[in-house]
Amino acid sequence: MPEPPWLQKRYPGKNHLLRHAAEQNQLVIVKCNLCRRSITYLASDLVKLLPPDELALEVPFTCHKCGTREFMRVKLTSPMAGDWGNLTIRRPGPVRRIQTWRTVKLGDE
């Protein structure tokens, strides 16, 4: 018996990798169907953070709002002329180091 459609791989037999999507300047749209949150990434930004040989249609992260990966869907698209200057995308920001503290007895290291 074949797998249900939601468990089948999209585009069987075609390995569209993340580096291929970055070479084609594609956008990666990740949507959580549970909380209806949608985030758009540049594939070229994801290549810097994730392995470039990962499948482009694999879910890169868990949902930040509901914490699940089960209901996430990934779609690839190319930016259109009207998207430049109007489309909101998520880009990597600066990396911050946070000092942590621990409590010890005086004289202990």
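**Core and sheet**

The largest nonpolar core holds 17 residues, and V28, V30, Y41, A43, L46, M72 and V74 touch the most other members. A nonpolar core here is a set of buried Ala, Val, Leu, Ile, Met, Phe, Trp, Tyr and Cys residues joined through side-chain atoms within 4.5 Å. Buried means under 20% relative accessible area, exposed over 50%, and partly exposed in between (1.4 Å probe, protein chains only). Two or more residues of this core come from each of α1 (18-23), β1, β2, α2 (43-49) and β3. Helices (H or I, at least four residues) and strands (E, at least two) are DSSP runs, numbered from the N terminus. In soluble globular proteins, nonpolar side chains tend to be buried together.

The model is predicted: local features need pLDDT of at least 70, side-chain atom pairs count only at pLDDT 80 or more, and totals for chains, interfaces and linings use all residues. Residues are numbered from 1 along each chain as its sequence is written, and side-chain values use heavy atoms, with hydrogens and water left out.

Now the sheet. Three strands form an open sheet in the order β2-β1-β3, with antiparallel pairing. Two strands pair if DSSP finds at least two bridges between them. The edge strands, β2 (38-42) and β3 (72-77), each pair on one side only. From one strand to the next, the twist averages 20 degrees. That angle is taken between N-to-C directions, on a scale from 0 to 180 degrees, with axes as lines fitted to C-alpha atoms, for helices over the stretch in contact.

Strand β1 (residues 27-32) is joined to β3 by six bridges. V30 has V74 as its bridge partner in β3, and both residues are among the core members with the most contacts to other members. I29 has K75 as its bridge partner in β3. In a regular strand the side chains alternate between the two faces of the sheet.

Five bridges join β1 to β2, again antiparallel. V28 has Y41 as its bridge partner in β2. The hairpin of β1 and β2 has five residues between the strands, and R36 there takes a positive phi near 65 degrees.
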